Amino acid sequence: MEELASVLHLLSFSSLYCLALVEDFLLSFSLLYSCDDPNNPLKYIASNALTGTAFSLVLIVAFIHSYYMIRYGAIWMIVVVIGEYSYATGFGFRFALHYHPDSTSIFAAEYLLTVLSPCMFIAANYMLLGRLARHLQCAHLIVVPSRKLAVIFVSSDVTTFLIQAGGGLMAVSKTPNTALLGSRIFVLGLILQLLSFLSFSVINGWFIYQVYRKETAVWTQDEHRVWYRDWRSLAGALSISCIAILVRTGYRIAEIDQELTNKAPGYLTTTEGYFYGLDFLPLFIAISVYVFFWPGNFIPKFPSPPLAGIETALTNINKEDQFLPGRSRSSFSTIEPFRA
């Protein structure tokens with residue numbers, strides 16, 4: 001248990017440290033190779049090198065997750081897979097923006113796909129916690145009933161998605177007043193999403209702590225397995241994903257707040273490195289952790305716990321039957337009707 005805890009702490013620290021290093025690199029790279037253009041909607045000419053890297057990485061993760069979903073199950077993770085393909089499509093539009101930087105329609109498509117696709121990543125995390133709790137038969141340790149957990153938070157996610165979508169559509173308007181109102185609506189959606197996801201992250205952390213404190217047998221049930229097949233590794237991956245998404249949401253709120261305060265785009269908006277270091281990179285970490293800890297490898301599709309118990313009992317009875325004296329195994333192959 002101490003070894004696994006050390007591994008999870010190391011993973012968390014390494015992720016944050018790598019995040020800081022890569023962010024610094026991307027910022028330096030963008031300052032060297034990006035070209036400012038304050039007259040276009042993006043406020044700079046998008047770097048094809050950075051766009052191509054991001055596009056390829058997201059698409060690779062999407063392909064791997066698609067294969068995992070077919071091979072190992074967890075079909076409900078299709079939400080995150082769809083989000084990954086739409087997020088990659090957003091980067092595809094950044095290629096077009098490089099060559100047509102003044103196109104409002106291309107910018108609108110790129111903006112909406114890159115800022116709204118993460119809502120699907122969040123929804124997948126919402127569903128994962130409830131399923132993990134039921135798989136461990138520890139649903140009673142979640143503050144919110146496990147079957148209502150996904151409904152409550154996914155409904156919240158859909159609501160904030162619609163608010164952000166409406167605000168995002170208005171924000172790309174050519175009319176200054178409409179664009180300003182759209183930015184305010186969009187940041188409202190982000191704040192509500194942040195509060196909702198922060199609440200979920202606290203519930204997730206509390207659940208893990210409660211299992212550790214109250215269900216010792218469950219906490220240690222996978223100790224005989226390698227650490228990357230231990231259910232606690234999946235719980236750790238979910239926690240890392242939550243932290244990364246919180247970092248990204250905080251960046252988006254700060255970016256728009258800066259624009260509303262200065263009544264003009266700030267350096268968080270006009271510097272491409274911040275977009276890749278504080279938006280793309282955290283989101284990439286949030287989805288790529290499931291390449292190593294795919295939920296389908298931990299939460300089996302079949303059988304469900306009640307069905308598993310029945311199946312095990314029937315199997316044991318069948319094994320005992322073959323040892324009954326005077327009866328052959330074939331004599332139990334058919335059941336004769338009762339006769340008075």
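In this predicted model, the largest pocket has a volume of about 800 Å³. Of the 35 residues lining that pocket, P41, K43, F107, A171 and E259 are the closest to its centre.

**Lining of the largest pocket**
- Helices α4 (104–116), α7, α9 (231–262) and α10 (267–270) each contribute at least two residues to the lining of the largest pocket.
- By residue class, the lining of the largest pocket is made up of 18 nonpolar, nine polar and eight charged residues.

**Nonpolar core**
- The largest nonpolar core comprises 86 residues, and F207 and Y290 are those with the most contacts inside it.
- Helix α11 (residues 272–292) provides the largest share of this core, namely 14 residues.
- Leaving aside residues up to four places away in sequence, Y290 touches H65, Y68, M77, N125, L128, L234, A237, L238, S241 and P295.

**K214 in helix α7**
- K214 belongs to helix α7, which covers residues 176–214, and this lysine counts as partly exposed because its relative accessibility is 46%, a value that falls between the limits of 20% and 50%.
- Although K214 and C138 are 76 residues apart along the chain, their C-alpha atoms are separated by 9.9 Å.

**Confidence**
- The protein chain averages a pLDDT of 81, and 77% of the residues score at least 70.
- Over residues 303–315 pLDDT stays under 50, and the model has three contacts beyond four places in sequence for this stretch.
- Over residues 317–324 pLDDT likewise stays under 50, with four contacts beyond four places in sequence.
- Where pLDDT is low, predicted coordinates should not be read in detail.

Conventions. Residues numbered from 1 in each chain as written. Predicted model: local features only at pLDDT ≥ 70, side-chain atom pairs only at ≥ 80, totals over all residues. Heavy atoms only, no water. Core = buried A, V, L, I, M, F, W, Y, C linked by side-chain atoms within 4.5 Å. Buried < 20%, exposed > 50% of the residue type's maximum accessible area, 1.4 Å probe, protein only. Helix = DSSP H or I, 4+ residues; strand = E, 2+ residues; numbered from the N terminus. Contact = heavy atoms within 4.5 Å. pLDDT = per-residue confidence, 0-100. 1 Å grid on protein atoms, 1.4 Å probe; cavity = no way out; pocket = protein on both sides within 12 Å on 5 of 7 lines; lining within 4 Å. Points joined across faces, edges and corners; volume = space filled by probe spheres on them. Nonpolar A, V, L, I, M, F, W, Y, C, P; charged D, E, K, R; others polar.
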